[in-house]
Amino acid sequence: MHRQTSRRQFLTGGLASLAPGLVIAKGALTLGLTPVFLTSDRELLNLIKHYLEGALGSPVRLVMRRTYQEITTLLLAGQLDAAWICGYPYVRHKADLSLVAVPVWRGRQLYQAYQIVQAERPADDLRDLKGDIHAFSDPDSNSGFLVTRSQLAAVGATPDSFFSRHFFTYGHRNVVRAVASGLARSGSVDGYVWEALAVAEPGLAAQTRVIWKSEWLGFPPIACGRDSVGTYRVDALKVALTAMNETDVGRRALELLQLDAFATAQPGLFAGIEARLKSVQRGR
Amino acid sequence: MRIGALPLTVRVPLMVAGLMIIVGTIASERVLSRLAETQQLHLRDLASLYLDGLSVAVLPAALRGNVWETYEALDRATRQDRRLHALVTTVVLENGEVLASSAPERFPTGAPGGAAFDNVPTADGLVLSGASTSVNVQAPIRYQGDWIARVHAELDVSDLLAERKTAILYLILGNALATLVLAIAGYFVVRRMLRPMSLITEHMQGGDGAPQLIPESEIPRGENELSSLMRTYNTLVLAERERSENARRAAEHERLVSLGRLAASVAHEINNPLGGMLNTLDTMKRYGERPGVVPSSIALLERGLLGIRTVVRALLQTHRSDEATLTLTTADFDDLRLLISPEVRRLEQTIDWQVDLGRTTVLPLANGPVRQIALNLLLNASAAAGQQGHVVFEVTIESAWLQIAVSDNGPGVPAEARSRLFEDLPARDGEGLGLGVVRQRAAELSAKIEIGHSSGSHTKIRVTIPFERGGEEAA
């Protein structure tokens with residue numbers, strides 16, 4: 001405990017001095033990012049990189065891939081120090097992964113999964129979506145796939161049997177676009193992303209309508225490999241993330257992300273997702 | 001107003017202007033059709049490039065049947081703000097099913113492509129008709145030589161059409177303006193060039209119908225075609241005046257010659273009774289006291305004097321100045337016979353006298369000119385027929401005309417004499433004498449003169465004289 005405190009004090013000092021290479025000796029810190037948030041906005045990425053490099057006093061490399069699976073695989077293979085992944089892969093690989101930090105959104109580390117349709121379409125719940133062309137976000141996404149899949153499993157259906165056709169857009173914003181354009185009749189989307197879009201791109205979000213919201217589930221976490229737990233790099237990252245709202249750059253990044261802060265969390269936060277996964281596995 | 005009725009100075013400039021307009025129209029048409037061809041080629045190239053790019057972009061997604069990535073590629077391509085952009089792009093799989101479209105509402109994923117994608121040309125067959133602001137085009141998406149799908153685009157060609165419209169507008173305006181300017185300039189230039197022509201025309205028509213000389217001050221300076229033309233014209237006018245004067249003098253001379261011959265003939269006619277009368281007087285002087293001599297001598301003298309009086313009266317009638325009375329009768333022709341008979345006898349000729357006025361006694365014609373025409377024709381025929389010749393004199397009435405025909409068995413009318421019947425030319429001595437008088441008198445009476453041949457190869461001159469107006473009823 002004492003050690004952690006002194007580390008934080010040290011980091012705060014590091015932030016002030018902005019002296020690179022003092023904290024992390026060997027190479028850049030690699031942080032994987034999935035398309036969990038809005039877009040690969042250059043400004044946002046630069047802010048995160050700038051903040052972390054300042055906070056850690058070392059170079060940071062942000063690694064982006066098209067799918068959750070690619071990032072998860074890199075993380076499990078030890079190619080990344082940490083990655084912002086979804087709760088679903090975290091739960092699946094819980095044995096090999098450890099939580100670094102979880103975002104705080106609207107005061108809680110929780111979010112919901114939404115099912116959306118075109119704004120003017122008269123549909124009330126999942127039953128009305130039968131036979132649709134349905135847009136999922138990612139096969140490794142909780143809100144963008146697992147939740148709807150478990151909903152269907154509960155009635156003995158699968159996406160293939162329930163929808164006439166379904167496809168993955170590999171991005172929650174793309175799900176909203178697919179539904180808004182009419183490419184898909186309905187979609188499964190991250191509630192946090194939809195709400196954030198409603199603020200950032202109200203025109204796009206307004207073309208869709210939320211017909212169902214899931215229970216509150218654990219917010220997509222930043223995780224590291226089990227082997228990295230307790231390493232100086234990961235601990236420094238954890239401190240930097242949880243202190244993000246303490247600097248201007250960090251606050252600006254959080255503002256763009258529409259998040260309150262990052263905070264530490266316990267694995268129990270993802271019990272809901274685990275339950276969903278189990279219900280799907282039972283349904284097989 | 002017919003174009004032919006316009007003066008040359010207006011007609012030629014108008015024709016020049018018209019030609020300018022025709023040339024301008026043809027040039028515009030050529031440019032426009034070339035523009036249309038160029039635009040079409042341009043469109044084909046652009047469409048080909050566009051579809052090639054799109055095919056490359058969607059190939060990986062189409063190959064995997066990935067709806068979202070195909071849509072993203074199509075959507076991006078459709079949103080690009082290029083000169084040529086697509087309104088809708090769609091990828092149709094080999095089985096005819098829509099994989100994705102940038103307009104999913106119109107062409108939903110999984111739906112059969114249907115008629116919308118049939119008979120759509122490739123870029124090479126694209127036609128820019130102008131009937132619609134968009135054209136449909138498609139291209140195959142190939143992978144390792146096989147075609148796995150086709151990309152279909154509805155291209156917005158409104159920019160191209162607007163460009164064409166603008167070009168047409170500018171071209172028409174520009175050409176119309178240029179043509180108008182050229183036409184107006186052409187009109188005035190040609191009009192100016194033709195101005196000397198109108199000057200000549202004005203002088204040709206003159207004040208009283210006779211050609212007038214162009215004053216030296218109005219002739220363009222320098223030696224060019226126009227000044228030489230005007231000078232030649234002036235020379236012609238002078239020559240014409242001289243010729244007219246000569247002709248007038250000749251006609252006068254001819255009349256006198258004709259009159260002289262007639263006088264000789266008449267003198268001969270008077271001479272015969274005169275000789276008889278002198279003999280009678282001599283007889284009276286010598287044998288006056290013998291009974292019965294005086295009365296018979298007086299009778300002889302009286303006959304002789306009456307004969308002279310008839311001849312003189314006939315002569316007077318023919319040449320009297322009072323020609324206005326419209327009272328031609330058979331007696332006029334009898335007088336003519338009397339006047340010609342001395343000449344006929346002298347030349348031992350035979351004359352066939354056929355005067356047939358039907359039941360008409362008085363004709364509505366001035367007898368003076370008619371008698372002069374007939375007498376001159378008879379004298380001319382008699383002269384042409386020669387010694388022991390034959391002359392035919394025919395007078396008939398044809399509804400509203402009097403027809404006088406004189407034929408003879410002479411050698412025919414020489415070309416020069418013939419032309420004198422129709423033209424105002426001076427006569428040479430002895431040839432066609434009196435024909436000029438015939439022409440003049442005939443012209444006064446609006447009569448028509450014809451030369452031909454009667455049966456027996458006689459030369460025949462026929463004069464057809466219309467009755468005077470207002471006198472037709474009397475006929």
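Visitor: How many salt bridges does the rule find across the interface of chain B and chain A?

Guide: The rule finds 4 across that interface, a salt bridge being a side-chain nitrogen of Lys or Arg within 4 Å of a carboxyl oxygen of Asp or Glu. This is a predicted model, where local features need pLDDT of at least 70, side-chain atom pairs count only at pLDDT 80 or more, and totals for chains, interfaces and linings use all residues. Residues are numbered from 1 along each chain as its sequence is written, chains are lettered from A in the order in which they are written, and side-chain values use heavy atoms, leaving out hydrogens and water.

Visitor: Which residue forms a salt bridge with Asp75(B)?

Guide: Arg177(A) does, with the closest N and O atoms 2.9 Å apart.

Visitor: Switching topic: is His85(B) buried or exposed?

Guide: His85(B) is buried, because its relative accessible area is 19% and buried means under 20%, exposed over 50%, partly exposed in between (1.4 Å probe, protein chains only).

Visitor: What is His85(B) in contact with, leaving aside neighbours within four places in sequence?

Guide: Tyr50(B), Gln80(B), Leu155(B) and Asp156(B).

How values were computed:
Contact means heavy atoms within 4.5 Å.
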